[in-house]
Amino acid sequence: MSTLSIRDLHKSYGAVRVLAGAGLDAADGTSTAILGPSGCGKTTLLRLVAGFDRPDAGTIVLAGREVTAGRRGLAPDKRDIGYVAQEGALFPHLTVHANIAYGLSRRTTTASARRSRVGELLELVSLDQALSRRYPHELSGGQQQRVALARALARRPALVLLDEPFSSLDTALRAATRAAVAAALRAAGVTTLLVTHDPAEALALADQVAVMHRGAFAQAGPARDVYARPADLDTARLLGPGSILPGTVTAGAAVCALGVLPIAEPRPDGDADVFVRPGQVRLGGTGAPATVVAAEFLGADTMLTLRLADGSTLDARVDGTVTHGVGTSVTVDVIGAVHAYPRRVVGERGVTAAAPGLGAA
Ligand SMILES: Nc1ncnc2c1ncn2[C@@H]1O[C@H](COP(=O)(O)OP(=O)(O)OP(=O)(O)O)[C@@H](O)[C@H]1O
């Protein structure tokens, strides 16, 4: 059963069209990551679901109830939604306990029931009970985000919305907070919508990844499926780095400066952009000749930029112990299937479009 059903949502601010027919379903108890480039409309979509703003057209159904019905739609506080903003937005003058208990009604719950619920929630988000007497400024950024999640979960909402909840945290804190939040959400069994522009975050946290471009969803599905078969070149690039090589699809295989390569999904014959991830490239063997034009040492890995025989460049992620200087001649092979998309051409007014006669990606 779907907790959330979004259909054909449209929203413009003045002349700026932000959402253009966005549609998405989130099944009960699952987590969905909305992944998209900056400005594609992710936060706007979340705000419409939360009820902070009204769509121009389209419907949002939450737990079987159309919350967009009527002139104003259902008020945000009646939607049974928990919201975690980019920087937690805890009340600075309230303790951790009071922040988490904020949404628990004093009319319907006793002080001891509230204390015990706050204790449960602190445990759920892996925070020490002793923190409950502290104020937000006495917590690290990661702890603040976990308190914000505990507060959002306090009333056992049908849906939790997370708007880039880890973006203000540094790398180490980010990984630990992400793991704690993911575990808490799983344990709570609550349906979750997470907005992010970080592919690692989307792929690691979510059951479903929904890719948004220019106000609509290009693709949605299980994280592994979307990563293995991105619907278009923009989606492939959004999910992680890769090189785009000119080539063709011929008899079901990609043909480019790297040779004849298997492709991940069937494509019609024709000119193509061939997309290769840096981790797929192996040096040595009998592969295509290339020259190292740049090398960046990253610790465990080294990122090499290679020039191929036809002049195109290819990024390769190799072991950090490999020391190939600029100018070194190497050979390269590709592991696994690559992606190939009908070649995009720049239109008369600078608009990119699929090359004629190749159909949609
Ligand atoms: N209230 C508003 N008035 C005018 N324009 C707005 C308003 N809210 C959003 N926009 C515009 O809508 C577009 C989408 O914004 P939105 O915040 O939804 O994008 P986003 O995908 O969440 O981006 P980011 O990842 O950078 O946060 C942007 O061009 C933004 O400037």
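Tutor: The C-alpha centres of domain 1 and domain 2 lie 38 Å apart. This is a predicted model, with local features needing pLDDT of at least 70 and side-chain atom pairs counting only at pLDDT 80 or more, while totals for chains, interfaces and linings use all residues. Residues are numbered from 1 along each chain as its sequence is written, and side-chain values use heavy atoms, with hydrogens and water left out.

Student: What are the bounds of the domains?

Tutor: Domain 1 covers 2-228 and domain 2 covers 241-354; such bounds come from an automatic or database domain assignment.

Student: How many aromatic pairs turn up in the whole structure?

Tutor: Two. Rings of Phe, Tyr and Trp (its six-membered ring) pair if their centres lie within 6.5 Å, and planes under 30 degrees apart are stacked, over 60 edge-to-face, the rest tilted.

Student: Why do Phe52 and Tyr83 count as neither buried nor exposed?

Tutor: Buried is under 20% relative accessible area, exposed is over 50%, and partly exposed lies in between (1.4 Å probe, protein chains only). Phe52 has 40% and Tyr83 has 25%, so both are partly exposed.

Student: What makes the pair of Phe91 and Tyr102 tilted?

Tutor: The centres are 4.5 Å apart and the planes stand at 45°, so the angle falls into neither the stacked nor the edge-to-face class. Phe91 is in the loop between E6 and helix H2 (96-101), and Tyr102 in the loop between H2 and helix H3 (111-124), 11 residues apart.

Student: Are Phe91 and Tyr102 buried, partly exposed or exposed?

Tutor: Phe91, at 26%, is partly exposed, whereas Tyr102, at 53%, is exposed.

Student: How do you know that Arg151 lies over the face of Phe91?

Tutor: A charge sits over a ring if NZ of Lys or CZ of Arg is within 6 Å of the ring centre and within 35 degrees of the ring normal. Arg151 is 5.0 Å from the ring centre and lies over the face, so the label applies.

Student: Which strands stand at the edges of the open sheet, and why?

Tutor: The sheet has six strands in the order E6-E7-E8-E3-E9-E10, with mixed pairing. E6 and strand E10 (216-222) each have a single partner strand, so one side of each has no neighbour in the sheet. From one strand to the next the twist averages 15°.

Student: What makes strands E3 and E8 a pair?

Tutor: DSSP must find at least two bridges between two strands. Strand E3 (residues 31-35) and strand E8 (residues 191-196) have five, in the parallel sense, so they pair. Thr32 stands opposite Leu193 in E8.

Student: And Ala130: where does it lie?

Tutor: Ala130 is in the loop between H3 and H4 and, at 48% relative accessibility, counts as partly exposed. Its C-alpha atom is 17 Å from that of Ala148, 18 residues apart along the chain.

Notes
Helices (H or I, at least four residues) and strands (E, at least two) are DSSP runs, numbered from the N terminus. Axes are lines fitted to C-alpha atoms, for helices over the stretch in contact, and angles run from 0 to 180 degrees between N-to-C directions.
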